[in-house]
Amino acid sequence: MENKEKVVVRFPPSPTGLFHIGNARTFLFNYLFAKQNDGQIVFRLEDTDKERSKKEYANDIIENLKWLGIEPDFATTVKQSERSEIYKKYLEKLISEDKAYLAEERKDENDEAYSTSSGQVIRFRNPNKKIVFNDLIRGDIEFDTTELKDFVIAKSLEEPVYHLAVVIDDFEMGVNYVIRGDDGISNTPRQILIQEAIGAPRPIYAHLPLILAPDKTKLSKRKHGEQVSVSYYREKGYLPEAIKNFLAMVGWNPGIDQEIFSMTELIKIFDIKKVQKKGAIFNVEKLDWLNREYILHLSDKEKFENFNSEFSKTKWGGSEKTKDEVFMQKLLKLFLDKIHRWGEVKELVEMGEYDYFFEKPVLETNKICWKGEGKEKAKSITEEVLSIMDEKDYEKIKEEIWKLAEKEGKGEVLWPLRYALSGREKSPDPFTLIEILGIPEVINRIKNAIQTL
RNA sequence: GGCCCUAUCGUCUAUCGGUUAGGACACAAGCUUUUCAAGCUUGGAAGCAGGGUUCGACUCCCUGUAGGGUCACCA
C-alpha cells in the first residue's frame, strides 16, 4: 500500500447554546473514525458570531465532552474569533485575484430586515458551475452552484462569514475528513467553490443522518426543549457509557445482534460506510433500557456510591437512618429493581414512594383488609402474624408466615401484612419490608394495624 | 416553492436478487411468594404505490407519493 495520509477530523461546535445531543453523536462518529485510523481530532470553536457566542456555552461543551469521556485534541483548540488576521490575508488575496469583490450592502433592497445594515460586504465571484462531490455515506451528489449567486463571504475584511472561515481553518489545520450532520449537505458546494478559489484540497465528506425527535423533525432546542442538551441527560442520571453506546447505535449498527458495546469494541467495529442514510428518531425508551443495563453492570462499590450520592439529595438525605450502611444497602437493592437512571432515586423519593421506611405509615382501616373487606378476619390473621414475630430468626418467620398464607389464602395474609408495614397499596413484598424495617419495628406496625382495625 | 437527501414491524435496524423477511426496544398475555417493579416464557407487529429489468425482486432502474433537510451580512 502507498503511504496513507494521516487522518485528521475536526469537531467545530459553535458556542451559541448548550452542547447538543445530536452534536455529541456527530462528534462520537468523528471520534470513532479517527481513533480506528489512528488519526487526529482537532477542536475549533466557531465563535465568529459575536452576538450569540458565549463563554459559558463553550465551557458547557468542553465539560460535557470530558464527562462523556470522548475528547478531541484540546491542545489544538482554535477560536475563530482570534484568527481574523489569517482570514484577512485570504480575503485580500481573493480580492486581488478578483475572485471576490467589495459590494454595496444587500441587493434585495426590498428586504427590510437588512435595510439597517451599513457599509460594504465581500462577495464571492461565483464561477457558476456544476459541482459533484462524493459522500462516503451517500455516494455522488451533484449541485448546480448558479443558484448560489455571488454569495457573501465576509462582512468586512475583519469579519468573515462561516463558510469562508470553515474552509480556511479546515485547510490550515490539515483536515482531510469532514464528518458532519447532513444538514450540512447544501453548504458543501459553496465551500468547495471557496476551496478551489484558495487552492485548498477537497476533504473527503461524510454526511451523517440527523437525529430526529419523535415528530420526525430535527431535534431542536426551540421545538423540543431542554432534552436536546447533553447536560439534561447528565442531570437525569444517565451514565456516559450508556449514552455513547446508545448514540453510536442510532443511525449505525454493526450488522450483528449484539446491542451492548464498550468504546474499545466500538472503535474496532465502527464502519462509517455502514452508517444509515435516513434520519433516526431518538428513542428514549431504548436509552433507558440500555442505561439500566449499564447500571446493573456497575460494581457493587460503584452502585453503592452512586446511590448514596443520589440519596443524599433527597428529602430523607440527612436522616439518621441513612448513616446505617446495612440499611442503605438494602434500600439500594430495592431501587435497583426499579430504576433506569440514577435521577429516579430522587424523583421516587420526592414522590413519597418510600416514606414508610423513615416514618410510621398512616393506615386506613378498610385498606388493611384484603379486597377492602373482612375486618374480623384481617384482625385475627394479623394477630396470628404478630405472634409469629416472636421468632427471632428471619428465615423462620418467613417460613411460618408462608405456612399461614398457604392455609388462609395468600391475599388474606400477605396483603394486610404488607399494608400494615407500608401503608401503601403498592410497595415491595412484605418479606422484603420485614427485612428492611427490622423485627422490632415490624411488631410495632402490626400492633398499630390491629388497633386500627 | 427551488435545490438536495431519504423510504423494511410503533421505534432502532439485519438482509449486499432466491430467507417461514432476523434481532433489539416498546407493546400484549401467561408465569413467578398478594400489590408495584424487576425477571422468565410466549405472542402480535414491516418491505409506500405503480411501472419496468430478471427464471426470480425488499434488494437494481424509472415515475409517482410521502417525509425530512436547506435556501442569512447564523453557524
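This is a predicted model: local features need pLDDT of at least 70, side-chain atom pairs count only at pLDDT 80 or more; totals for chains, interfaces and linings use all residues.
Four strands form an open sheet in the order 4-5-8-9, and their pairing is antiparallel. Strand 4 (100-104) and strand 9 (159-160) stand at its edges with a single partner strand each, so one side of each has no neighbour in the sheet. Five bridges join strand 4 to strand 5 (residues 120-124) in the antiparallel sense, and within this pairing L102 has I122 of strand 5 as its bridge partner. Helix 3 packs on the sheet, where it touches strand 4, strand 5, strand 8 (152-156) and strand 9, and its direction makes about 90 degrees with that of strand 4.

**Two packed helices**

Helix 3 (residues 84-96) also packs with helix 4 (residues 162-172), at an angle of about 100 degrees and with the axes 11 Å apart; the two helices are therefore roughly perpendicular to each other. The contact is made by I86, Y87 and Y90 on the side of helix 3, and by L164, A165 and I168 on the side of helix 4. By class, this contact has six nonpolar residues, with no polar and no charged ones.

**The parallel pair**

Strand 10 (residues 177-181), helix 5 (residues 188-198) and strand 11 make a right-handed β-α-β unit. Strand 10 is mostly covered, since four of its five residues are buried, and G181 stands opposite L208 in strand 11.

| Strand pair | Sense | Bridges |
|---|---|---|
| Strand 4 and strand 5 | antiparallel | five bridges |
| Strand 10 and strand 11 (residues 204-208) | parallel | five bridges |

Key: Residues are numbered from 1 along each chain as its sequence is written. Chains are lettered from A and ligands numbered from 1 in the order in which they are written. Axes are lines fitted to C-alpha atoms, for helices over the stretch in contact, and angles run from 0 to 180 degrees between N-to-C directions. Angles under 35 degrees count as roughly parallel, over 145 as roughly antiparallel, 65 to 115 as roughly perpendicular and the rest as oblique. Two residues are in contact if their C-beta atoms, placed from the backbone, lie within 7 Å. Ala, Val, Leu, Ile, Met, Phe, Trp, Tyr, Cys and Pro count as nonpolar, Asp, Glu, Lys and Arg as charged, and the others, Gly among them, as polar. A residue is buried if 20 or more other C-beta atoms lie within 10 Å of its own, exposed if 12 or fewer, and partly exposed in between; C-beta atoms are placed from the backbone. Two strands pair if DSSP finds at least two bridges between them. A crossover is right-handed if, with the strands pointing away from the viewer, the path from the first strand over the helix to the second runs clockwise.
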